[in-house]
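Have the sequence and the coordinates open.

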Amino acid sequence: MNERLQDYLVFDQVTKRFGGLTVVEAPFNLVVPRGQFVVFLGPSGCGKTTLMRMVGGLDEATTGTIRLEGSPVGPPDERRGMVFQSYSSFPWLTVLQNIAFGMRYRRDLSPKAKASRARHYLDLVGLSDFGDAYPSRISGGMRQRVAIARTLAAGSDVLLMDEPFGALDAQRREQLQIELRRIQSEEMKTVLFVTHDVEEAIFLADRIIVFSSRPARIIDDIDVTAELGSDRNLELRDSEVFFRRRADILRTVRSTLTLV
Ligand SMILES: Nc1ncnc2c1ncn2[C@@H]1O[C@H](COP(=O)(O)OP(=O)(O)OP(=O)(O)O)[C@@H](O)[C@H]1O
């Protein structure tokens, strides 16, 4: 991999304060190669969302820089797609139109290609029968799926996902985890993904960053792909090595609760 791909997304000496509250204190450094699936795992309130928002351009670092392909990240743009906990859909657009909205910048796609892509992602998230519905008429979990479909359809190179599957039932969640991992590896997406679910973290991640309580500090940086390979499927999920790894990581995560 050449240098530009190796240091594709870089947190360089980043700190963050909100008034008197220090969220990221010890300068935060992390180098993410292009195409890596990185999961942030850590106690509630330690600053994971804040780090993601800074990558997305929704917040600014107090000191230090976040660089994407060598340049400081600026305001949100189409290179970075976000699915956050407080997802939003446009109430005046139908579900299908909401998904298509994510592609408004895509000049490389004809209107017909956009329509078929929107339909594809609508089906993928299991909302085939709700394309013409308005967001106010569907459940919160379904609106979350609309947000996921819109972000995937947009085709951004970097996906910033903050507990995107939190409100989904177990079966839908598993299906979307498999699809997300497939899309990510086929299309070389770089993903930052926040979850509190250790199993989800191991299943999806190439690499897991484990944080301490606030102020956020990295206490472990786990190369999951080195141990489990990059092929993720349901057999792996039931395997002994998966369960062993899950137990190890749970131990590390539990230790963060006593670290301050
Ligand atoms: N705009 C803001 N102004 C003031 N404080 C903020 C702001 N945004 C976040 N914080 C505070 O920063 C801290 C870190 O919040 P953040 O949402 O990044 O944590 P988190 O690790 O993502 O938590 P969770 O896992 O519960 O989502 C919290 O104490 C939060 O209240």
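Q: What makes Glu69 worth a look in the hairpin of β4 and β5?
A: Glu69 takes a positive phi near 50 degrees, and the hairpin has two residues between its strands. Keep in mind that this is a predicted model, where local features need pLDDT of at least 70, side-chain atom pairs count only at pLDDT 80 or more, and totals for chains, interfaces and linings use all residues. Residues are numbered from 1 along each chain as its sequence is written.

Q: How do you know that β4 and β5 (residues 71–72) pair?
A: Strands here are DSSP runs of E, at least two residues, and helices are runs of H or I, at least four, numbered from the N terminus. Two strands pair if DSSP finds at least two bridges between them. Two bridges join β4 to β5, so the pair meets the cut-off. The two strands run antiparallel, with Arg67 opposite Pro72 in β5.

Q: What joins β1 (residues 9–18) to β4 (residues 63–68)?
A: Five bridges do, and these strands run antiparallel. Asp12 stands opposite Thr65 in β4.

Q: Why are α4 and α5 called oblique to each other?
A: Helix α4 (residues 111–124) and helix α5 (residues 140–154) pack at about 140 degrees, with axes 9 Å apart. Axes are lines fitted to C-alpha atoms, for helices over the stretch in contact, and angles run from 0 to 180 degrees between N-to-C directions. Under 35 degrees counts as roughly parallel, over 145 as roughly antiparallel, 65 to 115 as roughly perpendicular, and the rest as oblique. The helices are therefore oblique.

Q: Which residues of α4 and α5 meet?
A: Arg117, Ala118, Tyr121, Leu122 and Leu124 in α4 meet Ala149, Leu152 and Ala153 in α5; contact requires C-beta atoms, placed from the backbone, within 7 Å. The contact divides into seven nonpolar, no polar and one charged. Nonpolar covers Ala, Val, Leu, Ile, Met, Phe, Trp, Tyr, Cys and Pro, charged covers Asp, Glu, Lys and Arg, and the others, Gly among them, are polar.

Q: Why do β6 (80–83) and β10 (218–223) stand at the edges of the sheet?
A: The open sheet has six strands in the order β6-β7-β8-β3-β9-β10, with mixed pairing. β6 and β10 each have a single partner strand, so one side of each is left without a neighbour in the sheet.

Q: How do β7 (residues 158–162) and β8 (residues 190–194) run, parallel or antiparallel?
A: They run parallel, joined by five bridges, and Leu160 stands opposite Leu192 in β8.

Terms used. Two residues are in contact if their C-beta atoms, placed from the backbone, lie within 7 Å.
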